[in-house]
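Here are some exercises to work through with the structure open in your viewer. Try each task before you read its solution.

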Amino acid sequence: MAIKSLDELRKIREASAKKVNLRETGNSSEDIIEVLIGMATCGIAAGARETLNTFIDEIDKKDIKNIRVIQVGCMGYCHSEPTVQVNIPGNSPVLYGNVDEKMAIDIIEKHILNNELLDENILIKTFEKA
Amino acid sequence: MSKIRSHIMVCGGTGCVSSSSEEIISSLKSELKKNGYDKEIKVVKTGCFGFCGQGPIVKIHPDNVFYVKVKPEDAKEIIEEQIIKGRKVERLLYSEPVTDIKLDEYSKMNFYKKQYRIALRNCGLINPEDINEYIAFNGYEALGKVLTEMTQDDVIKVIKDSGLRGRGGGGFPTGLKWEFTKRSINDQKYIICNADEGDPGAFMDRSILEGDPHSVLEAMAIGAYAIGANHGVIYIRAEYPLAIHRLEIALKQARELGLLGNNIFSSDFNFDIEIKFGAGAFVCGEETALIHSVEGCRGEPTKKPPYPAESGYNGKPTCVNNVETFANITSIINKGSKWFSSIGTEKSKGTKVFALAGKVNNVGLVEVPMGTTLREIIYDIGGGITDDKDFKAVQTGGPSGGVITKADLDTPIDYESLKSIGSMMGSGGMIVMDEDNCMVNIAKFYLEFTQDESCGKCTPCRVGTKRMYEILDRITNGEGVPEDIDKLIELGNMIKDTALCGLGQTAPNPVLSTLHYFREEYEAHINDKKCFTGTCKALAKYSIDPEKCIGCTACARKCPVDCISGSPKEVHVIDQDKCIACGACYDACKFDAVIKP
């Protein structure tokens with residue numbers, strides 16, 4: 001299919017950009033929301049991988065920009081795996097415990113999009129940012 | 001599960017491919033498959049990251065972790081630790097040479113911190129074999145803008161105002177070259193991309209073509225529109241198979257999307273590109289010689305004028321630009337001439353890519369703003385001299401340039417300042433030399449190259465460089481005579497003044513500049529028959545210090561020609577007539593008793 005106009009080019013760009021935007025987050029983490037998912041052995045056993053994939057899926061579905069989902073090692077809260085930490089620039093980091101797929105969707109809809117904390121599931125609210 | 005959550009970028013530049021990055025890719029893929037992760041993690045082969053000394057490079061997004069010197073057998077650990085458990089593989093992280101601190105993110109590394117990437121912007125970021133990735137990072141936007149919104153003169157004005165100058169070495173203003181070619185009235189014009197990278201040690205053009213081929217194709221189309229050409233030629237040496245392969249893929253994909261061909265972006269502009277192979281001759285970097293070679297004639301230069309802008313390929317107006325020059329064009333169109341001219345020095349705008357090689361810790365490809373000092377490039381980006389040795393000189397401009405010594409390390413680099421200290425920008429080769437390099441031998445090396453590459457058309461270059469080489473050869477063999485120095489200077493200046501093209505006019509530079517800065521080394525070779533560094537084997541006379549020798553016989557046992565005599569516990573002696581100066585005794589001695597020449 002030939003590109004006939006700048007608009008057509010830009011359409012291809014938007015579609016392609018989605019596939020590579022993972023790479024753009026690399027350099028400045030200043031204004032980027034980070035979702036850190038504990039992926040140590042116990043986390044994975046408790047379903048962290050499904051949680052991680054739900055995050056990726058939802059972010060893609062809702063087309064949220066400036067966000068990156070990063071898997072990290074053990075965060076030390078084995079009793080509440082899977083654990084997820086949300087870093088929104090300018091706010092103190094929030095750590096959630098027992099994050100299953102349903103809660104992952106809640107975190108995105110409430111916390112990330114509307115800045116409402118899910119108080120019941122918070123493990124720790126203020127601590128040094130990882 | 002179809003959403004990709006992580007990209008593993010593996011360097012697919014020639015340097016990393018030759019240290020088995022292809023095998024790394026296949027091991028990563030098979031490990032992913034084995035663990036059931038192949039649907040959520042993508043392995044991407046990219047262009048050169050520039051950090052060739054640390055290759056093969058593997059970078060992981062979005063975690064932003066940068067692994068160096070990766071081997072195929074490391075794939076298992078990377079997948080099991082990084083991908084499955086989110087833990088970094090510490091041993092594969094890069095450690096800074098001076099501080100020895102392990103760094104995970106490349107933005108923290110000194111090597112990348114001082115760089116500013118325009119020409120190399122996509123290298124290591126995109127898959128060069130996928131046009132959609134290039135488009136994702138703003139590709140072909142500039143061409144679309146040019147064809148739908150700008151006149152030919154608008155384009156030329158932007159390039160002129162940007163201050164971009166030819167990156168192949170000449171430093172001629174690119175906008176002006178385009179203007180001259182546009183002004184020549186003719187029914188047929190051509191645009192040629194000079195990808196005949198011949199400077200020993202330089203590989204930026206190859207890396208750009210391998211890592212971001214579309215940036216060159218798009219810029220050629222823009223240039224062709226500006227000058228009124230509809231046919232482009234990429235003249236590339238056949239020794240660059242990977243670059244050729246990726247160019248062919250890029251051309252095919254661009255044609256499929258109608259970005260090359262007829263009525264591009266629904267305009268009246270038609271343009272296509274063909275690839276012509278060169279046999280790898282240094283002289284074919286000279287534009288008239290290049291054009292003759294494209295025509296199928298001998299690669300010999302002709303005198304200018306007429307300039308190719310009036311009469312070039314097939315006698316028609318032709319514009320020849322270098323790969324790196326083209327790689328700057330689309331960014332200038334997209335971001336404007338003001339943005340570009342804000343970078344760099346008064347007369348040299350933008351950035352320059354240098355191929356850092358020789359005795360420096362971080363060998364690789366670096367792109368810095370014009371005006372960066374040599375010290376910053378060698379010490380901050382390059383990480384200093386290997387094995388903590390002393391810096392002696394750096395050769396810029398390849399065989400056409402000259403040496404720069406410690407005294408000029410703080411010179412801000414641009415076209416003019418390098419010329420004023422007796423060297424030149426050239427295409428950006430930068431070879432760092434330490435205390436162990438013999439300058440006479442370095443000069444001989446470059447002259448051997450130029451006299452071999454001389455096309456033979458004009459006498460000063462054909463015979464002159466040969467004679468200079470013979471003199472240097474004599475000096476390094478211990479047969480130099482005091483008159484040789486004056487003869488070299490006289491001959492060198494004569495060749496510079498009378499040779500037909502740039503090759504001959506610059507060939508004596510390495511000799512003249514080493515003579516200027518290191519005359520005492522030449523004199524030592526000629527008068528004292530001494531080579532301080534031990535490089536010139538004929539002059540290297542090893543001897544044994546009788547005070548220090550304890551008679552351990554270690555040297556005599558190592559000597560391959562049995563020229564060391566002496567019994568145990570007695571002082572040993574080297575028979576200098578038989579000595580082949582291999583240095584084995586020097587390495588064998590534990591008491592520092594062997595004196596290096």
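A residue counts as buried when its relative accessible area is under 20%. Keep in mind that this is a predicted model.

**Exercise 1. Which residues of helix H22 of chain B are buried, and what covers them?**

Step 1. Go to residues 519-527 of chain B, which form helix H22. Applying the cut-off there picks out Glu521(B), Tyr522(B), Ala524(B), His525(B) and Ile526(B) as buried.

Step 2. Now look at what packs over them. The cover includes strand S13 (391-396) and the helices H17 (439-453), H18 (459-476), H19 (483-498) and H21 (509-517), again of chain B.

Step 3. Walk past the end of the helix. There you meet Lys529(B), which has a positive phi, near 50 degrees.

**Exercise 2. Describe the overall build of chain A.**

Step 1. Count the elements: chain A has four helices and five strands. In sequence order they read α-β-α-α-β-β-β-α-β.

Step 2. The C-alpha trace of chain A spans about 60 × 30 × 25 Å along its principal axes.

Step 3. Of the 130 residues in chain A, 49% are buried. Taking contacts within the chain between residues at least 6 apart in sequence, 65% link residues at least 24 apart.

**Exercise 3. How many residues does each chain bring to the contact between chain A and chain B, and which parts of chain A take part?**

Step 1. Chain A contributes 36 residues and chain B contributes 44 residues. Together they bury about 3300 Å², with carbon and sulfur atoms giving 54% of that area.

Step 2. Find the leading contributors on one side. Leu22(A), Arg23(A) and Gln71(A) provide 22% of the area that chain A buries against chain B, more than any other three residues.

Step 3. List the polar links. There are 14 residue pairs in polar contact between the two chains, both partners at pLDDT 80 or more. Three salt bridges cross the interface; one of the salt bridges joins the side chains of Arg10(A) and Glu141(B), at 2.6 Å from N to O.

Step 4. H1(A) gives the largest share, twelve residues. By type, this side of chain A holds 17 nonpolar, nine polar and ten charged residues.

**Exercise 4. Is Gln71(A) buried or exposed, and which backbone oxygens does its side chain reach?**

Step 1. Compare its accessibility with the cut-off. Gln71(A) is buried because its relative accessibility is 5%.

Step 2. Follow the side chain. Gln71(A) reaches the backbone oxygen of Gln82(B) at 2.9 Å, and a polar atom of that side chain lies 2.5 Å from the backbone oxygen of Ile83(B).

Step 3. Beyond four places in sequence, Gln71(A) touches residues of both chains, including Ile37(A), Met39(A), Arg5(B), Asp63(B) and Lys85(B).

**Exercise 5. Which members of the largest nonpolar core touch the most other members?**

Step 1. The core has 78 residues, and Tyr140(B), Trp178(B), Ile236(B) and Phe271(B) are the ones with the most contacts to other members. Helix H10 (residues 213-227) of chain B supplies the largest share, ten residues.

Step 2. Zoom in on Ile236(B). Among the residues it touches are Ala195(B), Leu209(B), Leu247(B), Ile275(B) and Phe277(B).

Step 3. Look for a second, separate core: this one has 38 residues, including Val233(B), Leu447(B), Cys461(B) and Val511(B).

How values were computed. Residues are numbered from 1 along each chain as its sequence is written. Chains are lettered from A and ligands numbered from 1 in the order in which they are written. This is a predicted model: local features need pLDDT of at least 70, side-chain atom pairs count only at pLDDT 80 or more; totals for chains, interfaces and linings use all residues. Side-chain values use heavy atoms; hydrogens and water are left out. Contact means heavy atoms within 4.5 Å. Buried area is the accessible area (1.4 Å probe) that two parts lose on being put together, summed over both. A salt bridge is a side-chain nitrogen of Lys or Arg within 4 Å of a carboxyl oxygen of Asp or Glu. A polar contact is a pair of N or O atoms within 3.5 Å; within protein, one must be able to donate a hydrogen and the other to accept it, and residues adjacent in sequence count only if both atoms are side-chain atoms. Helices (H or I, at least four residues) and strands (E, at least two) are DSSP runs, numbered from the N terminus. Ala, Val, Leu, Ile, Met, Phe, Trp, Tyr, Cys and Pro count as nonpolar, Asp, Glu, Lys and Arg as charged, and the others, Gly among them, as polar. Buried means under 20% relative accessible area, exposed over 50%, partly exposed in between (1.4 Å probe, protein chains only). A nonpolar core is a set of buried Ala, Val, Leu, Ile, Met, Phe, Trp, Tyr and Cys residues joined through side-chain atoms within 4.5 Å.
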